[in-house]
Amino acid sequence: MLPTSPWSKLRAWHLLLGLLLLRLLFLPFFCSLYDLAGDESYYWEWGRRPDWGYYSKPPLIGWLMGMVGWLSGNQEWGVRLAALMVGTGSLTLLYQLGKRMFDETTGLLVLALAALTPANVALNLFFTIDSPLVLLWSAALLALWSAVQSPQRWTRWLILSLVMGVGTLSKQMMLVFPVLMIVFAVSTREARPLLKRPGFWLSLVGALLFMLPVLWWNQQHGWITLEHTKHHFNTKADSGLLDHLVQFVEFPATQAGLFTPLTWFGLLTVSAAALWQWRRLGMKERLLAAFSAPALVVFHLLALRQSVNPNWPAVYHLAAMVLLAATWTRASTSLTLWPGFMKLQRPAVVVAAALTVLAYLVPMGMWAAGRTGDDKLDPMARIHGWSEAGRKAGEFLAATPRPDQTFLLALGHRENASQFAFYTPQHPRAYRWQPDGIIASQYELWPSAAESLGRDALILQPSEKPLPRRLERNFTQVEKLGEIRVPLGTSGSRKWQVFLGRELKAWDAAP
């Protein structure tokens with residue numbers, strides 16, 4: 001283990017600052033090639049209409065997007081900068097957790113292991129629901145350890161309660177944190193006195209109180225978030241044994257790619273070893289294992305049953321990162337692992353660094369080869385071309401007879417509505433045509449286009465098909481204005497037909 005000294009701390013902060021500066025330099029280039037992801041523009045739309053809940057998630061991401069939009073003038077750089085700031089905050093908290101639980105060297109290695117992953121690259125580029133969740137989960141782990149160390153101090157339990165409470169407003173996954181707190185306290189002899197502490201229980205109750213307005217909102221909307229969440233656990237009726245085996249293999253393969261192979265192998269190894277050697281673990285190791293190992297096992301078993309989104313287990317890798325770093329620096333002696341595993345630290349960091357650099361080089365390679373947005377080669381083709389499409393939509397909108405009395409109406413996937421709402425310079429009110437009557441997005445929960453009776457609509461149809469007759473009947477007249485075509489790569493393109501619907505006279509979207 002490297003000696004602890006003031007230089008170790010200096011190196012850690014140098015790494016954080018250097019990483020921040022490098023990513024700041026990369027952002028303008030990335031933004032010149034790629035646009036917001038569909039989820040980002042969708043959450044930005046949430047931010048334009050603040051509420052206590054939304055179709056699929058609690059309200060925090062919508063509130064944050066609203067604040068980012070207000071501060072940046074609804075500019076793309078504001079969303080990208082928010083992701084970078086939140087991501088840097090998460091890395092800082094993980095470094096502090098490793099340092100306070102073990103030592104400076106462990107904190108530094110935790111920082112390196114977390115930062116040198118493609119998953120962290122994405123977390124610092126895209127401001128999606130996982131950005132605030134990872135930040136708040138990391139803060140909650142740090143706050144919990146502080147409270148465990150000084151359980152007599154009420155302020156530490158209050159801070160933990162506030163962090164967990166705000167976390168429950170970010171994503172449903174945060175509701176597991178209080179459960180794991182109880183599991184840790186019950187299963188750890190040194191921590192069982194916490195169960196007799198009023199602060200322990202009041203922190204849990206206080207955190208759950210944050211959910212009351214969210215529950216009220218859901219009760220007013222037919223428990224739509226719960227219904228949406230339940231759909232994540234549906235399996236395909238026609239799935240065979242081969243399908244399940246492919247799903248099971250895809251999940252760990254994706255995790256290995258996101259966290260880099262050797263780091264991912266290390267995370268799984270220390271998690272499995274912690275469960276196997278549970279009786280000999282110290283309190284620090286048990287806390288980290290409780291917040292990582294059981295959930296990682298559950299997700300791997302769940303992959304046998306259904307498809308598992310790669311981001312679902314993200315927060316459970318955080319505590320495992322600290323446990324892995326403490327094992328490799330020998331700051332923790334609770335886990336016994338074979339000598340060959342202990343020698344993997346340097347190769348893991350080297351491989352992780354190489355793959356992380358590659359993650360940054362891919363956009364540059366696509367740009368150099370002139371294949372940015374190419375569906376066959378560019379893995380991020382889906383988020384290319386929206387700004388150009390929005391600019392052209394803005395030109396069509398400006399040329400309409402009543403631009404200030406014209407709204408956007410998009411057909412197809414919800415991202416058509418949200419991306420055009422964001423990238424059309426006028427940022428008009430946007431609606432989505434959902435002809436089957438099913439509530440499939442937040443657009444179906446908001447007031448329909450019926451609130452815009454008498455206004456015109458710029459209609460965007462992402463296909464060669466004619467507009468549905470039932471949609472046309474809602475307007476006094478519909479005329480085709482042209483089309484929007486955006487080149488993708490060297491030969492492909494994405495296009496929309498553009499129509500003008502004059503004077504909305506009714507709104508019939510029922511099946």
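These questions and answers walk through a predicted model.

Visitor: What kind of model is this, and which pLDDT do local features need?
Guide: Residues are numbered from 1 along each chain as its sequence is written, and side-chain values use heavy atoms, with hydrogens and water left out. The model is predicted; totals for chains, interfaces and linings use all residues, side-chain atom pairs count only at pLDDT 80 or more, and local features need pLDDT of at least 70.

Visitor: At what angle do helix α7 and helix α15 pack?
Guide: Helices here are DSSP runs (H or I, at least four residues), strands are E runs of at least two, and both are numbered from the N terminus. Axes are lines fitted to C-alpha atoms, for helices over the stretch in contact, and angles run from 0 to 180 degrees between N-to-C directions. Helix α7 spans residues 130-149 and helix α15 residues 283-290. Their axes lie 12 Å apart, at an angle of about 150 degrees.

Visitor: Which residues of α15 meet α7?
Guide: Contact means heavy atoms within 4.5 Å. On the α7 side, the residues are Leu144, Trp145 and Val148. They meet α15 at Met283, Lys284 and Leu287.

Visitor: How many nonpolar residues does the contact of α7 with α15 have?
Guide: Ala, Val, Leu, Ile, Met, Phe, Trp, Tyr, Cys and Pro count as nonpolar, Asp, Glu, Lys and Arg as charged, and the others, Gly among them, as polar. The contact has no polar residues and 1 charged residue. The nonpolar count is 5.

Visitor: What volume does the largest cavity have?
Guide: On a 1 Å grid over the protein atoms alone, a cavity is a set of points where a 1.4 Å probe fits but cannot get out. Grid points are joined across faces, edges and corners, and a volume is the space filled by probe spheres set on the points. A search of the whole structure finds 1 cavity of 30 Å³ or more. The volume of the largest cavity is about 40 Å³.

Visitor: Which helix gives the most to the lining of the largest cavity?
Guide: Lining residues have an atom within 4 Å of a point. Here they are Arg23, Phe26, Leu27, Leu84, Val121, Asn124, Leu125 and Tyr360. By class, the lining has 6 nonpolar, 1 polar and 1 charged. With 3 residues, the top contributor is helix α1 (residues 6-33).

Visitor: Is Leu108 buried or exposed?
Guide: Buried means under 20% relative accessible area, exposed over 50%, and partly exposed in between (1.4 Å probe, protein chains only). Leu108 sits in helix α5 (residues 104-115). Beyond its neighbours within four places in sequence, Leu108 contacts Arg11, Ala12, Leu15 and Tyr95. Its relative accessible area is 18%, so Leu108 is buried.

Visitor: Where is His384 placed?
Guide: His384 is buried, at a relative accessible area of 17%. Neighbours within four places in sequence aside, its contacts include Leu33, Tyr34, Asp35, Pro487 and Arg494. The place of His384 is the loop between α19 (345-368) and α20 (386-398).

Visitor: How many residues of α21 are buried?
Guide: Asn416 is found in this helix, residues 414-423. Asn416 counts as buried because its relative accessibility is 9%. Not counting residues up to four places away in sequence, Asn416 touches Trp386, Ala410, Leu411, Pro462 and Trp496. For α21, the buried count is 10 of 10.

Visitor: What phi does Asn74 have?
Guide: Asn74 lies in the loop between α3 (60-72) and α4 (76-101). At 24% relative accessibility, Asn74 is partly exposed. Asn74 is not a glycine, yet its phi is positive, at about 60 degrees.

Visitor: In which strand is the place of Glu503?
Guide: Glu503 also has a positive phi without being a glycine, at about 50 degrees. Glu503 is partly exposed, with a relative accessible area of 44%. Its place is in residues 492-504, strand β5.

Visitor: How many Å separate the C-alpha atoms of Met65 and Glu45?
Guide: Met65 belongs to helix α3 and is buried at 1% relative accessibility. Not counting residues up to four places away in sequence, Met65 touches Glu40, Tyr43, Trp44, Gly47, Val79 and Phe127. Met65 and Glu45 are 20 residues apart along the chain, and their C-alpha separation is 8.2 Å.

Notes:
1 Å grid on protein atoms, 1.4 Å probe; cavity = no way out; pocket = protein on both sides within 12 Å on 5 of 7 lines; lining within 4 Å.
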